[in-house]
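Work through the two exercises below with the structure open. Try each task before reading its solution.

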Amino acid sequence: MDFEPKILGIACNWCTYTGADLAGTTRLQYPQNVRVVRVMCSSRINPSFIFRALQLGADGVLVGGCHPGDCHYNTGNLYARRRLATTKKILEFAGIEPGRFRVEWISASEGNRFAEVVEEFTTQVKNLGPQTKLKIQE
Amino acid sequence: MTDFKKIEENLKKEAKRLLESGEVTVVLAYGKGFDEKHPMPFAAKSVADVDNIVFNEYCNYNMARYLVRYPQGTKIAIAVKAADSRAVIQLIQEEKIKKENLVLLGIPVIGMKNPKTDEVIDSKTTCGMHNPVLYDVLLGEEVHGQKIVSPYDVLAEYEAMDKDARWQFWKDQFDKCIRCYACRKACPMCYCDPCFIDQNKPKWADKAPQSPGNIMYHLTRFHHLAGRCIDCGECSRACPVDIPLYLFHKKVAKECEEMFNQVSGMSIEDKPVLVNFRVEDSDKILE
Amino acid sequence: MLKKTAIEKISQLAAVLMEKGTLLAPVKEVAGHNFAEINDPQKVDLNFYNTIISPKGAFFPPKEDFIKYKIGKTITEAEQIKVDSKPVFLFGVRPCDVKSFSIMDIHFNAAGIIDPYWSQRRKATTIFGYAYDLNQPVDAADFYNSLGIYAADPEGSDIFMVKKDKDLLLKGITPKGEELLAQLNTLVDAGKDDEKYYEETLKKGKEYKTRFLCIDQDVIAKKLEAVFNNNDFWTKVSSACLSCGACTFVCPNCYCFDICDDTIFGKGTRRRVWDACMFTDFTLEASGHNPRTQVYQRLRQKINHKYSYHVKKYGVISCVGCGRCTRSCPVNIDIYSIVEEALKL
């Protein structure tokens with residue numbers, strides 16, 4: 001059986017989430033592996049969310065936010081960029097494949113882009129195989 | 001080599017002067033422990049206490065840890081070595097303390113030793129600096145002419161590891177953890193109350209000393225100290241089971257330095273990198 | 001019956017014990033030695049002063065699973081976890097640590113309050129006591145003499161071991177120990193001079209001096225009670241305390257624990273984990289009130305519990321003077337010095 005990864009998507013309310021909506025209303029086809037959680041801003045994402053998601057069985061985490069400069073709250077994603085970049089480095093040094101975590105800027109009008117990113121990321125995580133390092137074993 | 005006796009004398013003299021004149025109410029320095037090799041952090045509150053102050057090669061504690069214990073506005077004099085002064089600067093940046101309430105007694109020193117192993121503490125486990133970055137009074141001769149070694153050299157071996165081997169290395173290390181939290185308590189930058197790991201809602205990790213919780217605790221703690229860790233190495237020295245936490249902290253500090261072009265705890269005017277941003281930050285850092 | 005074996009051949013003895021049950025023995029780690037379950041007999045290393053973490057974990061592990069449960073929509077299933085009652089051999093325990101087990105028995109194995117997990121493990125375990133090497137210097141942190149324990153006390157052990165140059169002498173103390181000793185065929189009978197050496201070591205153990213506080217336990221208990229409200233004193237002695245849990249986690253006599261449920265996706269475990277009175281949230285009540293918010297209050301509680309309340313309630317100091325807390329303390333707080341200072345007040 002093919003491995004179908006579980007991916008957590010965390011999307012900002014104003015851009016990426018609306019972009020995902022657009023992808024849906026324009027009936028774009030993209031893999032169903034991503035479960036999207038909506039947050040008000042990408043800077044709301046606590047890095048522990050990412051660690052915890054990986055522990056609770058996610059094979060990858062995709063974060064979406066507004067393009068830098070377009071944040072609904074002016075500067076939120078600029079903080080998020082620094083923070084999430086650090087998260088990525090920490091995962092990498094801990095020995096977890098950095099390919100399991102991705103941050104992407106997708107605006108409300110970029111439904112196509114959303115579908116593309118999901119497609120790309122799903123393939124990437126699929127190739128990496130199941131995430132067993134952090135996952136809590138029962 | 002550093003003249004420890006001379007520094008001790010100067011420290012006593014300065015502490016006495018400050019306490020007598022009423023310039024400060026507390027002097028944070030080092031005091032006698034149960035034997036020579038085990039001095040203790042010490043808070044001198046009166047002139048009589050000054051006799052108890054010592055300074056020798058085992059006084060490696062970071063006294064900045066105790067600053068946040070005193071109410072805002074307390075006038076404090078604090079003995080600072082190189083890394084300690086960086087911790088003070090970082091705390092000032094984070095507005096936990098104010099410069100005007102502090103008198104920094106700078107101690108330039110080389111050849112501090114770890115009492116557990118008797119090894120000299122150098123750039124392998126700490127920032128490897130010898131002179132305090134910020135001070136009001138200098139208690140000894142500045143150290144110059146030492147070979148400059150990057151504190152990040154020690155990382156090369158671990159960076160070269162295969163990611164699976166590195167994961168195994170860290171997992172083995174974290175599995176040793178008994179969750180006594182000596183690392184966070186010894187850390188001058190860990191002052192949150194309550195710490196995220198003690199929270200019940202949300203509950204980030206289980207309380208038992210076992211793999212998932214330990215990993216969650218340590219990874220998140222590394223993240224919380226990103227761009228703030230001043231590489232004093234106290235966490236690793238405090239650890240009763242000798243987890244090399246300094247390695248991970250060094251790596252995160254190195255990455256932050258490369259990405260944001262700022263070294264933690266070097267200037268009062270800086271802002272900690274993760275509560276700051278530049279519009280021109282590159283998206284490359286996310287790759 | 002006195003038996004002996006060469007220390008070089010200790011791995012053979014370990015292999016025999018491993019066949020009979022679980023072997024817990026000191027193993028060399030980066031920071032020092034610690035007790036661990038032995039999978040490879042070569043790993044047993046008797047060349048240690050004392051372990052970093054006390055052997056209490058053999059009976060009272062850092063985490064102990066009680067119940068595994070599943071929370072369904074309508075029914076909750078639960079299953080109790082049984083203790084494995086395979087024989088356990090706790091190898092190379094120093095006399096002060098052996099003494100600590102009998103003090104811990106008050107809490108887990110006394111009439112009225114029997115902890116099934118502790119008592120089953122205690123029954124299944126054979127303790128191999130091991131005298132301190134009298135030719136090595138005493139660690140400055142130790143003070144077990146003050147608690148009436150000496151470096152070569154066989155009391156409490158099932159089998160007591162003494163090092164003689166390159167040999168290890170083993171003596172059965174209890175019937176359980178005698179019986180086991182007779183079964184261990186890798187050992188050889190000891191000679192006359194070995195027996196003499198063994199007896200002499202026990203005697204010489206009394207002269208192996210650690211720090212010593214020559215005062216009756218009731219005097220200490222009363223004095224600590226009298227200085228309870230002396231906040232200046234407690235603030236002074238705790239000024240360096242970081243309020244971490246290192247001292248309590250390495251202590252052979254600290255027995256505080258927390259019971260917590262960990263549930264993930266409807267499946268969970270109820271377990272007992274070590275807790276420490278030095279943590280801020282140890283005394284946090286559901287109302288939000290915390291009776292011990294200050295560091296000095298917590299340190300005072302720790303010392304008073306060991307040296308005052310415990311004496312009044314059970315008639316014995318809950319400390320064996322192994323010096324672990326002092327050695328492990330990141331800021332070198334020494335419980336002995338604090339008690340000594342309190343007595344001077």
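Predicted model: local features only at pLDDT ≥ 70, side-chain atom pairs only at ≥ 80, totals over all residues.

Residues are numbered from 1 along each chain as its sequence is written, chains are lettered from A in the order in which they are written, and side-chain values use heavy atoms, without hydrogens and water.

**Exercise 1.** Describe the interface between domain 1 and domain 2 of chain B.

Step 1. Locate the parts: domain 1 of chain B covers 4–138 and domain 2 covers 153–286, with bounds from an automatic or database domain assignment.

Step 2. Take the contact (heavy atoms within 4.5 Å): domain 1 of chain B gives 28 residues and domain 2 of chain B gives 32.

Step 3. Find the buried area, the accessible area (1.4 Å probe) that two parts lose on being put together, summed over both. For these two domains of chain B it is about 2300 Å², with 55% from carbon and sulfur atoms.

Step 4. Look for a salt bridge (side-chain nitrogen of Lys or Arg within 4 Å of a carboxyl oxygen of Asp or Glu). The count between the two domains of chain B is one. Arg228(B) and Glu94(B) form a salt bridge at 2.8 Å, N to O.

**Exercise 2.** Classify the aromatic pair of Phe48(C) and Tyr130(C).

Step 1. Rings of Phe, Tyr and Trp (its six-membered ring) pair if their centres lie within 6.5 Å; here the distance is 6.2 Å.

Step 2. Planes under 30 degrees apart count as stacked, over 60 as edge-to-face and the rest as tilted. At 35 degrees, the pair of Phe48(C) and Tyr130(C) is tilted.
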